[in-house]
Amino acid sequence: MDYQSLKGDEVKELLPGIDVAILPLGAVEFHGEHLPLGTDNYLAEGISAKVAEKINKTIILPPIFYGQVWSTFAYSGTLTLSNETLAAIIKDIGLSLKKDGITILAIINTHMGNLVAMKEASRVLYEEGITVLYLTYPGSKEAGQGVLESTRVHANYFHACEIETSYMLYLAPEHVNMDRASSNIPDFPLEFDYTPTPWIEVTDSPVLGDPTLATPEKGKIIIEAVVNDIVKIINSVRENHSH
């Protein structure tokens, strides 16, 4: 159910039966020459829609289209919020939902930079009796084994590479230009994981890997596994709430 399309009488009739709100959370960020600035947003919306198809008594909130994008802020077109601003937005949305009796907020996040803000907001909302799930591609690493051809160039990050490009080819192919995809293998210095390092100090391109290997079939396998994991997690929380 698309929350923002509801009208007055529909809201009054439907909200009392809703216990889970899905919040797509992305970012506006440079993703190389073959993917759009809104890649994370298209992915968050696409995954959210697939999750909602498998869960009853839920609504999809209007997305948060902006995220915390410190690492790649220097690249053209990138927009960012501070952790404090993003956490405050999430917190206020959660408190607003509580007013209508919705106490499970499932954040379907597609941008790693949002993790700190999500956790901070979740801790505040926990004290208010609201369960927040911060769901950033659960199960994707396991699903990618045996599917992906390239080795990740960094253990903790993937960006505009075979992985993310495959996701886009599956969920939003109309926004991908594979003719402009090209490989980029940065040489990360030893201290990269131990001190804040803007990516532009390491590489001229935020592409981390080889997007030319991406296919919609790879994207489907991994994304469907992610969707199934998210559904299991939400249903588990629902079951615990009912006890």
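Which residues does lysine 218 touch, not counting residues up to four places away in sequence? I looked this up and got Val147, Glu149, Glu162, Ser166 and Leu213, where contact means heavy atoms within 4.5 Å.

**Ground rules.** I am working on a predicted model, where local features need pLDDT of at least 70, side-chain atom pairs count only at pLDDT 80 or more, and totals for chains, interfaces and linings use all residues. Residues are numbered from 1 along each chain as its sequence is written, and side-chain values use heavy atoms, with hydrogens and water left out.

**Lysine 218.** I found lysine 218 in helix H7; helices (H or I, at least four residues) and strands (E, at least two) are DSSP runs, numbered from the N terminus. Lysine 218 counts as buried because its relative accessibility is 8%; the cut-offs are under 20% relative accessible area for buried, over 50% for exposed and partly exposed in between (1.4 Å probe, protein chains only). Its side chain makes a polar contact with the side chain of glutamate 162 at 2.7 Å. For that term I need a pair of N or O atoms within 3.5 Å; within protein, one must be able to donate a hydrogen and the other to accept it, and residues adjacent in sequence count only if both atoms are side-chain atoms. I also noted 5.9 Å between the C-alpha atoms of lysine 218 and serine 166, which sit 52 residues apart along the chain.

**Aspartate 210.** Aspartate 210 sits in the loop between helix H6 (162–171) and H7. I see that aspartate 210 is buried yet has no salt bridge, with the nearest side chain of opposite charge, lysine 218, 8.9 Å away. A salt bridge here is a side-chain nitrogen of Lys or Arg within 4 Å of a carboxyl oxygen of Asp or Glu; Lys and Arg count as positive and Asp and Glu as negative, while His and the chain ends are not counted. The aspartate 210 side chain does make a polar contact with the side chain of threonine 212, at 2.5 Å.

**Salt bridges.** I get nine salt bridges by this rule. One of them joins the side chains of glutamate 224 and lysine 50 (3.8 Å, N to O). Glutamate 224 lies in helix H7 and lysine 50 in helix H2 (residues 39–53), so this pair ties together parts 174 residues apart in sequence. Arginine 123 and glutamate 120 make another (3.7 Å, N to O); both lie in helix H4 (residues 115–126), three residues apart, about one turn of the helix. I also find Glu149, Glu162 and Lys218 joined into one network by salt bridges that share partners.
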